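Hi everyone, thanks for coming. Let me put the structure up on the screen, and then we'll walk through a few parts of it together.

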Amino acid sequence: MDTFVVSARKYRPSTFRSVVGQEALTTTLKNAIAGNKLAHAYLFSGPRGVGKTTCARIFAKTINCLNPAADHEACNECESCVAFNEQRSYNIHELDAASNNGVDDIRNLIDQVRVPPQIGKYKVYIIDEVHMLSQAAFNSFLKTLEEPPAHAIFILATTEKQKIIPTILSRCQVYDFNRITIHDTVAHLQYVADHEGVKTEPEALNIIAQKADGGMRDALSIFDQTVSYTGGNITYQAVIENLNVLDYEYYFKLSDAILNANVTECLLILNDILNRGFEGQYIISGISNHFRDLLVCKDPATAQLFQVGASIRERYITMAKKCSNEFLYNAIEISNECDLNYRLSKNKRLLVELALIRLCQLQKPEGASSGKTEKKSPIEPITAKERITHKNPIQEKIPDKESVSSQTPAQDSTQKTVENSTQKPVAESNVRKPAEKAAPLKKRTVSLSGMGVSLASLTNKGEEETPDTGPATYHIGTNLFTEKELVNAWKNYARQLEEEKLLKNTMSLYIPKMLSETVFEVEVNTELNKQYLTDHANSILSFLREKLDNGDITMTIRIAEGNAIKKALTSHEIFEEMVQKNPSLQKLSDEFGLELS
Ligand SMILES: [Zn+2]
């Protein structure tokens, strides 16, 4: 392996036939040569490393070949071809416009254009990264392009065709180069490996091809790098370590956990991946792609779009059978949304964690609700009923059971009011979750206002709720406080949080603002942040009320302008849905004379 030659150079194609992955295009070029229909200017556009310059060189060599083969390929034997192959031909001039983009560079080139070739018929001028030419250089080049000498052919290459001015474009024959498919890349790498005596695993070459993203030059350079790293034995494990690619096993593990609605497992896996040094965004976009791949694998027709080795494709097909289409659509949407929000998010880890939690909630356990709500709004926020049905372990871990609040499924659009309701014994007694019963209850209670909330918890708790009849024995005053005191209390609360890192981080992101003597507002950036604060509103409020000695403190949470993601249901709509699931609710509501505000 010591004498390993850089593959991109050693295996650079010398004929159109050996160019990988651009068959249609090379055939057209060969036909043009065969029919002697050569243009004076060509534009080769396409991503980097897909063969633009290589094809331009082969083209220049072929049209100058003194003894072309029957299939119109260069002979690679005549004097001209040999000169080309030894890079000493005077018939080819290359200008890299990325580094030589001034008027003088172009003038030098134009001066040479007038001189006819000594051997062969054509002089070929390749201008690489032509979009980098300065405006002045473009202009002076334009004149030559309009009236070129008969022996001059220009091949302009660019990765950004849209930056080429129309006057140039209209004078060129345009050839669009494709990204090279993973299949073609793998086949070529295998060819190189066989010739170099390198041992490979198909999945390893697949990962290299994926990483190269359609560019053969990159693929070969990664290949070389891996050969020297592995001493000539390219295994899947070696490649993912070398390229810092996340093992697909993790995606399989994650999707298994998500399908089992196992939040704890998901968060542990995420933690493991983060500890391996992967970025959150890399992970979430990987999850997105994974679900996309599963969707593609559900149908044998589209499974062909899935460019991986046979063994892993089988695993995907098997896993895809476990997922409903609806689940996959929703999962892709949730992970994609997280991916989009990632850059703007101040608490990136929380964002990814919440996405995983929401993914877990997509899988309803048997006997759960019909899923009517989910159809209406595929990305539903974390709602009280879902949390309770799923026994979300995060919630269970929270030590402060006294005040974990239940919460309405997305009350009125972007604003949600959380207020004290000591004066409303009915709502008060109903708002506690079963978990709270285990904990010693203080009589001071806090609840979310509005029917949506209290009824939401009712539906989840069933009938055995013990009514809380007695008056509150623990009284909090109506002390007036300043915004500064409020902010301090808010920070104090956040500071003492130990296990609830997510809440701690969310709270330290935002500072509350007073709207009136007892009402304060928290303006958050995302629906997820709002959700998280809402979920913990009761414990936050209990603390603030006690600390500031004012039982009327109320919190509203608002998503900053322009950040609202979805319009949620009105409280009437929520109530109607609940009644459908639990008709006794209507009776209860009538008996107590409850009304939606
Ligand atoms: Zn030749």
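Here is a question to start: in which sense do strand 1 and strand 4 pair, and over how many bridges? Strand 1 (residues 41-45) and strand 4 (residues 152-158) pair in the parallel sense, over five bridges. Helices (H or I, at least four residues) and strands (E, at least two) are DSSP runs, numbered from the N terminus, and two strands pair if DSSP finds at least two bridges between them. Look for Leu43, whose bridge partner in strand 4 is Leu156.

Before we go on, a word on what you're seeing. This is a predicted model, where local features need pLDDT of at least 70, side-chain atom pairs count only at pLDDT 80 or more, and totals for chains, interfaces and linings use all residues. Residues are numbered from 1 along each chain as its sequence is written.

Five strands form an open sheet in the order 2-3-4-1-5, with parallel pairing. Strand 2 and strand 5 (173-176) stand at the edges with a single partner strand each, so one side of each has no neighbour in the sheet. From one strand to the next, the twist averages 20 degrees; angles run from 0 to 180 degrees between N-to-C directions, and axes are lines fitted to C-alpha atoms, for helices over the stretch in contact.

Let's go to the strand 2 end. Strand 2 (residues 92-96) and strand 3 (residues 123-128) pair in the parallel sense over five bridges, and the partner of Leu95 in strand 3 is Ile127. Helix 5 lies across strand 2, strand 3 and strand 4, at about 170 degrees to strand 2.

Last stop: helix 9 (residues 202-212). Which residues are buried there? They are Ala204, Leu205, Asn206, Ile207, Ile208, Ala209 and Ala212. Buried means 20 or more other C-beta atoms within 10 Å of a residue's own, against 12 or fewer for exposed and in between for partly exposed, with C-beta atoms placed from the backbone. The cover over these residues includes helix 8 (182-196) and helix 10 (216-230), where contact means C-beta atoms within 7 Å.

Note on methods:
Two residues are in contact if their C-beta atoms, placed from the backbone, lie within 7 Å.
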